[in-house]
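Open your viewer and get your selection tool ready. We will walk from one stop to the next, and at each one you will hear what to select and what is there.

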Amino acid sequence: MEMGVWWIVVVSPLLLWCCEGSSAHQLSVDPPQDLQIVDPGLLGHLYMQWKPPLSLEASHQCPLTYKLKYRSAGDTDWKVIFTKKLKYGDSFDLNRPVEAKVQTLLEGPCANGSEVQSEWTHASFQLPSQGALESRIQDFRCVYYNWEHLRCTWQAGRQAPPGARYELYYWYAGLGDPVQCADYIWTRGKTTGCQLPNLRQAEYLDINVCVNGSAEPARLQPSYFILQIKNLVKPPPPERLALSMSASKEIHVQWSSPEGGTPPECLEYEVQLQGSDGHADAAWSSASTQLETAFVFSQANGTRLSCVRVRGRTNTFCADQGFWSDWTQECFYVPREDEKQLFILVAVVLSFFSVVLVIVFAVHRKKRALAAEKLQLPTGC
């Protein structure tokens, strides 16, 4: 009797575990239906949409989550999104094919407290080839100057016909339809760039850009780009650079953040000092500051003259990257202490000679005045 009880106690949990495992193993869920990648004509902003699994299409008791993966051809990593919706949009480089896949994740009571994953449903998208080969633009480059206006430039394609004319269109969330550039840059009668002002509302959005065009009798190959202008900022140089040197031969450098649209809290700076010692190609020593608009250098090794310059760039608090500004225009030189003494001596000597010259000039004028008075004295008959 005791042996039978012991056998039931030991074996029953194992049988229960096996039954539960078998039930979970048999549970499955269908993949989403009809995955499509839809191009609404927004220059690369595509929508991926699908339908619920056929077996759960009308069910409200089983909560569904979808796992979406997508990428452009050539990318090694997938972007991964978890959503309960049946549609998701993002910006893509339409110069390359796009691929996406989605699967169903079943959770809750319908999955016996576990998570059940379906097979993947796949889809791909590629724009049809259009335009003459090698006619698309080259060397496309954009800079967002002073957080105020975007300037994009390009070169004509290698095989572009002589009469090719390129046009730029752009779109970002909030615009209804794509907009054509209203301020082209012209070079020898051809469009080679575009200036776009008033993009404040798009500074932290993707801006989809397409440059296409025509040249009789054929179309030109379009080029597509995704811009994040917060990463394209080039601020003006710092302003009001001022230097002073302490008794301990420390150089105090101060400047002001540039005026205009660039937020001062979004700037970092690089300060450079050059010890000349009579050599024009002397090495520069550099230092960086975050937000601060002052720095102190220690003059070492008997440096004779120090040239100081400063430039700025968007910091990591406001953007992932950016362009350095130009250097401050003037190169400020700070003399050594013995040169200061020499300057003081020269100033004293010049002042002394100035006083002497003034005295000599005054005496000379006095003598001329006395001589003139003598000539004017009356004489008798």
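Start by selecting Ser325, which lies in the loop between strand E24 (305–314) and strand E25 (332–335). Strands here are DSSP runs of at least two residues marked E, numbered from the N terminus. You are looking at a predicted model, in which local features need pLDDT of at least 70, side-chain atom pairs count only at pLDDT 80 or more, and totals for chains, interfaces and linings use all residues. Residues are numbered from 1 along each chain as its sequence is written, and side-chain values use heavy atoms, with hydrogens and water left out.

Is Ser325 buried or exposed? Ser325 counts as buried because its relative accessibility is 4%; buried means under 20% relative accessible area, exposed over 50%, and partly exposed in between, with a 1.4 Å probe and protein chains only. Now show its contacts (heavy atoms within 4.5 Å). Leaving aside residues up to four places away in sequence, Ser325 touches Lys234, Pro235, Pro236, Pro237, Pro238, Arg311 and Gly312.

Next, select strand E19 (239–245). It belongs to an open sheet of three strands in the order E19-E20-E23, with antiparallel pairing. Strands pair if DSSP finds at least two bridges between them. E19 and strand E23 (294–298) are the edge strands, each pairing on one side only. From one strand to the next, the twist averages 20°, with axes being lines fitted to C-alpha atoms and angles running from 0 to 180 degrees between N-to-C directions. Five bridges join E19 to strand E20 (residues 250–256), and Met245 stands opposite Ile251 in E20.

E8 pairs with strand E6 (residues 98–106) in the antiparallel sense over five bridges; Ser124 in E8 is the bridge partner of Glu99.

Finally, select Phe140, Leu150, Trp154, Leu168, Ile207 and Leu227: of the 31 residues in the largest nonpolar core, these touch the most other members. Such a core is a set of buried Ala, Val, Leu, Ile, Met, Phe, Trp, Tyr and Cys residues joined through side-chain atoms within 4.5 Å. Among the elements giving it two or more residues are strand E9 (138–145) and strand E15 (207–215), and E15 supplies the largest share, four residues.
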